[in-house]
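Please look over the sequence and the coordinates shown here before reading the report. The text is meant to be followed alongside them.

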Amino acid sequence: MNKHIKKVAVIGSGIMGSGIACHFANIGVQVLLLDIIPRELNEAEKARGLSLKDAAVRNRLVNDSLAAALKSNPSPIYHKDFAGRITTGNLEDDLEKVASVDWIIEVVVERLDIKKQVFEKLEKHRKPGTLVSSNTSGIPIRFMSEGRSEDFQQNFCGTHFFNPARYLRLFEIIPGPKTKPEVLEFLNGYGEQFLGKTSVIAKDTPAFIGNRIGIFSIQSLFHMVRELGLTVEEVDKLTGPVIGRPKSATFRTVDVVGLDTLVHVAKGILENCPEDERHENFQIPGFIETMLKNNWLGSKTGQGFYKKVRKEDGASEIRSLDLETLEYRSGKKARFDTLEATKAIDKVIDRFEVLVNGKDKAGDFYRKSFGALFAYVTHRIPEISDELYKIDDAMKAGFGWEHGPFQIWDAIGLERGLELIADEGQSPAAWVKEMKTKGATSFYQVKEGATYYYDLRAGAMQKVPGQDAFIILDNIRKTREVYKNPGVVVEDLGDGILNVEFQSKMNTIGSEVLAGLNKAIDLAERDFQGLVVGNQAANFSVGANIGMIFMMAVEQEYDELHYSIKMFQETMMRMRYSAIPTVAAPHGMCLGGGCELSMHADMVVAAAETYIGLVEFGVGVIPGGGGSKEMALRASDTFHKNDVELNVLQEFFLTIGMAKVSTSAYEAYDLGILQKGKDVVVVNKDRQIATAKAYAKLLAERGYTQPIRRTDVKVLGKQALGMFLVGTDAMEAGKYISEHDKKIANKLAYVMAGGDLSEASLVSEDYLLELEREAFLSLCTERKTLERIQHMLKTGKPLRN
C-alpha cells in the first residue's frame, strides 16, 4: 500500500485523544481534533453573554482538553510551536471536514454503542479508502464495524496507543474481520518508521497483548503480596529499576494510572476470558475492593497506595498504605540481601539468575512471580499472538520493561524456568516441551548479528522480521569488535563506519572513555571512512566522571587535573578536526560532557527523546570540555543575524548559566545545542544507530575534508564582561543567586567575553579553550565547589550553597 499520511482526524479530545493528536503533530502531520459540544453554558460564558450557538462555546470542550494536555507535565508535544499543527472543532459543525483526511482515529468513551454511532456518522463524510481505527483498549474490534460499508470494514482496525502516547512506544494493531492485509502491513510500518513506535499486530482477544500480560502480572502480585508479608515499599523496591522496570515500579505506577482503570481492565478479562487457566487470578482481592470503596484511586483522588500529607511543622511527607491495617503510615526503608548481591552487576539481564536464587524474602518473591509469569505467557500462544517475540515487545514498549518474559526466562535458563513453574504448581503449554524435544534450549538466538526466535508453527528458529532497518549493538558487539578497553567498545558497523559504544557506569566520560574515543578516531583515520558515537543504553551519557574530578581536587593533584581537562578538550576538538566525519547519536539524558561531545561532532543524529544540556553549574563549575568555548563560538556565528550582539551572547550565556536542559531534541535547537540545517532528529530510537551510520557514510562519500581550526571567533571583550558582571551583582543583591553562584557566573562571563580585551576581537578556539580550562581549574579549588560535587555524588541532586 503506497499511502501518505498528511492529515489525520482524531475523534475525542480526552487525555488519550489529545495525546494522540499531539504526537501526530510532533511528526509533522496536520491534525483535526473533534469532540462533542457542551449541553449548557458555564459561569464564565454566562458572564460574557454567550449562547450555545457561539463557536467559542461549541468548541469549549475540545479547546479546554487540548489546552490542559499542552500544559501537562511531562509535555505531550516536542515543541510548543508544533501545537499549531492541530485544528480543533466539534462533531456537529466540523464533521464534514473528515473528507479531507487520510486517517480517522476514534478515541471516544469506551462504550460500544457510542462508538458505533460515531462510525455511522463518520461514514457519511469519509471518502473511500480513508483509514479508520479505534483506540479501544478492550472492546472487541469485530463488533465495531458491523453494519458499515465494505470499504469501511476493509480499511478499519483497532490501533491501541498506550498513554502517554508520546512516551510509551507500544502500538497494538488489531484486525477486524474484513481488514485488508495491506492495511495492517501499512500501519505496522507507519507506526514504527513515522510514529517511532514498537508496532505489534495483535489478535482480537480481551485486553489484546500488553494489558493481558501486564494486568495478569499486577493481579498476581496483588494476590501474592500479603502471602509473603511484603510492604508497599518492598514491592516497589523489588519491581523497579533493579529488574529493568520504571522507577515508579508497581504501586506508584498504579497510583498514577488510577486503581479504577486497572480494576476495569482486570474485570473485563475476568468476564470475557472464562477459559483462561488462571481465571481466578483476575478476581479483585478484598483490600483492593476496600480501596475502591474508599475512593483511594491514586493521584486523581489524592491518595492510593501512597498519600502526601502536610506535617505539623509544615513539611510534606509521603506516607504508605499498610496493606494489613489499610492505614497510612510513615515510609519504611526496604532492604534485601538478594538485592545487595546484584549491586555490582551493571547489566540488568545478568541479575535475574542471582535474583531467583536469593535466600531471603526477595528470592521467594522473584521465584513465585517469575514462575507464575512464565507459565502464563506460554499459554497465551497462540491465543493472543502466534509469535512469542510480540509478547516481549509489548511488555517492553507498553509497560517500560527492559526485558520481556521470554528474554528473562532465557537469562535464567530454560530448565530453571521450568523448575520455577513446577514449584508454583503450574505447568507450561505443551509447545515448550515440544521445543525441548526438538533440541532448542532457549527462546531466542543471535546469528550473524540478527535475532531469531522459536516459531511454534515452524518448530524451528525464525528471524524476527523488520530488524534489517536496525543495528542492534548487543547482537554485533562480540563478532565485530575492533577495539575494547574498560570504558568503550569500538565496533565495525560495516560499509567503512566504526561505532564507539560507551561501557562505563551511566556512560560517564572518564580517562578510559577519552582514550577509547582517541583510539577509535585513530583506527577510523587509518582503515575506515567515518565514526559514529552511539549506544543503546537508557541514556547516552550523564557527563564527565565527576568522581574522578572530585578525588583529584581533594588530593590537590592540580597538575593531573589540568592534564585531564586538557585531554578532554583535545578529544572534543579531535571529534571536529579529524580526517574522517564524526556523527554523535545522543538519546535520553545527554548532559555535561555528553552534550559537549555531541556539539563537537560533525553532525548529530538525535533521538526525539533527547534531554540535552550543559549542566555543570549544578556542581559548581563551568563546562570545561569545550562547552563554554563552543557556546561563545556559536554566539559569534549568530551575530550577523541580530544587530544587538550583546543580546545574542547573553542568550547563549544563560543556556549555560541556568543549566537549561531540553525536554526534547527539537527544543535543543532553541538552546543552540543542535543546529538547523546540520543536525537531524529521528523519532524511532531503534533506527538511530543505522541512521547515524548512513549519514557518516554519506559525509564520507561526498568527499569529506578535515576542517581547518577556527581563528575567527568574534568576542566582545570588556563590553560584554561589564554587562555580565553588572547582571550577576544585581542577581546576588536580589538574593536570586548565592555568592558562589555569582563567582561561577563571573568565570563563565570571562570566558565567553574572551577575557577583558579592550575591544571586540577575533580569537582562536585554542585561546578560548585556555580561558575555559583556567576558569574550570580555579573553580575546582573552591571549597563550595567540592561540597557541591560531593553532594551530587551522594544524592544525584545539585546543591545550592
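Predicted model: local features only at pLDDT ≥ 70, side-chain atom pairs only at ≥ 80, totals over all residues.

## The seven-stranded sheet

A further open sheet, again with mixed pairing, consists of seven strands in the order S15-S16-S17-S18-S19-S21-S23. Here S15 and strand S23 (680–682) are the edge strands, and because each has a single partner strand, one side of each is left without a neighbour in the sheet. Neighbouring strands are turned against each other by 20° on average, direction ignored.

The order begins with antiparallel pairs. Strand S15 (residues 481–484) is joined to S16 by three bridges, the two strands running antiparallel, and they form a hairpin with three residues between them; in this pairing Glu-481 stands opposite Glu-491 of S16. S16 is in turn joined by six bridges to strand S17 (residues 497–502), again in antiparallel fashion, with Gly-494 opposite Ile-497 of S17. The hairpin of S16 and S17 has two residues between the strands, and in it Asp-495 takes a positive phi near 60°. Strand S16 (residues 488–494) has six of its seven residues buried, and it is therefore largely enclosed by the rest of the structure.

Helix H22 lies across S15, S16, S17 and S18, and runs at about 175° to S17.

Helix H22 (residues 511–527) also packs with helix H24 (residues 558–576), at an angle of about 30° and with the two axes 10 Å apart. Since angles under 35 degrees count as roughly parallel, H22 and H24 are therefore roughly parallel to each other, and their crossing is left-handed. On the H22 side the contact involves Ser-511, Leu-514, Ala-515, Leu-517, Asn-518, Ile-521, Asp-522 and Glu-525, which meet Met-567, Phe-568, Thr-571, Met-572, Arg-574 and Met-575 of H24. By class, the residues of this contact of H22 with H24 comprise eight nonpolar, three polar and three charged.

## The pair H31 and H32

Helix H31 (residues 739–752) and helix H32 (residues 765–780) pack at an angle of about 165°, with their axes 9 Å apart. This makes H31 roughly antiparallel to H32, and H31 passes H32 in a right-handed crossing. From H31, the residues Lys-743, Ile-744, Lys-747, Tyr-750 and Val-751 make the contact, together with Leu-768, Leu-771, Glu-772, Ala-775, Ser-778 and Leu-779 of H32. The contact of H31 with H32 divides into seven nonpolar, one polar and three charged residues.

## Two buried residues in helices

Leu-748 is located in helix H31 and, with a relative accessibility of 0%, counts as buried. Leaving aside residues up to four places away in sequence, Leu-748 touches Phe-617, Ile-622, Ser-628, Phe-653, Ile-656 and Gly-657. The C-alpha atoms of Leu-748 and Pro-623 are separated by 8.6 Å, although these residues are 125 residues apart along the chain.

Lys-368 belongs to helix H16 (residues 361–379). This lysine has a relative accessible area of 17% and is buried, since the term applies to values under 20%. When residues up to four places away in sequence are not counted, Lys-368 touches Met-224, Glu-227, Leu-228 and Glu-424.

How values were computed:
Residues numbered from 1 in each chain as written. Heavy atoms only, no water. Axes fitted to C-alpha atoms, helices over the stretch in contact; angles between N-to-C directions. Helix = DSSP H or I, 4+ residues; strand = E, 2+ residues; numbered from the N terminus. Parallel < 35°, antiparallel > 145°, perpendicular 65-115°, else oblique. Left-handed = near helix turned anticlockwise from the far one by under 90°. Contact = heavy atoms within 4.5 Å. Nonpolar A, V, L, I, M, F, W, Y, C, P; charged D, E, K, R; others polar. Buried < 20%, exposed > 50% of the residue type's maximum accessible area, 1.4 Å probe, protein only. Pairing = 2+ DSSP bridges.
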